[in-house]
Amino acid sequence: QVQLVESGGGLVQAGGSLRLSCAASGRLFSLGAMGWYRQAPGKQRELVALITSGGSSNYVDSVKDRFTISRDDAKTTVYLQMNSLKPEDTAVYYCYVRARYEYWGKGTQVTVSS
């Protein structure tokens, strides 16, 4: 059974940084894209960043030049380096992995204080 375990969330002041990690355990067949979504209170879940198996990445406009996604396939882990954090980045961040099936983490809270 595949499980995704996120870590690295927390409380940070505006302008600060956090690094999220998501490690997948279990057998993943045909590992493909990996990424991060987020959901703020009262808002829909949105894609933050996605990285393909070939290493191409894309970001939602609001985080471009501030966030960087990366992956380590040997560890089946995806990372999200978040710099220059803003209060509007406050949300629950969910890890996402696409393989033969789609998998989601349980989420990690990121809170940015002004």
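1. Ground rules. Since this is a predicted model, local features need pLDDT of at least 70 and side-chain atom pairs count only at pLDDT 80 or more, while totals for chains, interfaces and linings use all residues. Residues are numbered from 1 along each chain as its sequence is written, and side-chain values use heavy atoms, with hydrogens and water left out.

2. Overall make-up. The protein has 11 strands and zero helices; both are DSSP runs numbered from the N terminus, helices being H or I with at least four residues and strands E with at least two. Read from the N terminus, the order is β-β-β-β-β-β-β-β-β-β-β. The radius of gyration is 13 Å, close to the 13 Å that the globule rule gives for 114 residues, so the protein is as compact as a globular protein of that length. That radius is taken over C-alpha atoms, and the rule is 2.2 Å times the number of residues to the power 0.38. Along the principal axes, the C-alpha atoms fill a box of roughly 40 × 25 × 25 Å.

3. Of the 114 residues, 43% are buried (buried is under 20% relative accessible area, exposed over 50%, partly exposed in between, with a 1.4 Å probe and protein chains only). The protein exposes about 6,300 Å², and carbon and sulfur atoms supply 45% of that; the areas come from the Shrake-Rupley method with a 1.4 Å probe, and for residues only the protein chains shown count as cover. There are 13 positive and 9 negative charges, with mean positions 5 Å apart. Lys and Arg count as positive, Asp and Glu as negative, and His and the chain ends are not counted; each charge is placed at NZ of Lys, CZ of Arg, CG of Asp or CD of Glu.

4. Contacts along the chain. Taking contacts between residues at least 6 apart in sequence, 54% join residues at least 24 apart (contact means heavy atoms within 4.5 Å).

5. The structure holds three aromatic pairs (rings of Phe, Tyr and Trp, the last by its six-membered ring, pair if their centres lie within 6.5 Å; planes under 30 degrees apart are stacked, over 60 edge-to-face, the rest tilted). Tyrosine 37 and tyrosine 96 make an edge-to-face pair, at 5.6 Å centre to centre and 70 degrees between the planes. Tyrosine 37 sits in strand 4 (residues 34–39) and tyrosine 96 in strand 9 (residues 91–98), so this pair ties together parts 59 residues apart in sequence. Tyrosine 96 also pairs with tryptophan 104, this time tilted, with 5.0 Å between centres and 55 degrees between planes. Tyr37, Tyr96 and Trp104 form one aromatic cluster. Tyrosine 37 is buried at 18% and tyrosine 96 is buried at 2%, whereas tryptophan 104 is partly exposed at 36%.

6. Two positive phi values. Most residues other than glycine have a negative phi. Aspartate 65 has a positive phi of about 75 degrees; this residue is in the loop between strand 6 (57–59) and strand 7 (67–72) and is exposed at 83%. Threonine 76 has a positive phi of about 45 degrees. Threonine 76 is in the loop between strand 7 and strand 8 (77–82), but is buried at 18%.

7. Alanine 14 lies in the loop between strand 2 (10–13) and strand 3 (18–25) and is partly exposed at 42%. Serine 114 is 100 residues away along the chain, yet the two C-alpha atoms are separated by 5.3 Å. Leaving aside neighbours within four places in sequence, alanine 14 contacts Leu85, Pro87, Val112, Ser113 and Ser114.

8. Arginine 98 is in strand 9 and is partly exposed at 38%. Beyond neighbours within four places in sequence, arginine 98 touches Ser30, Leu31, Gly32, Ala33 and Leu50. Glycine 105 is in the loop between strand 10 (102–104) and strand 11 (108–113) and is buried at 9%.
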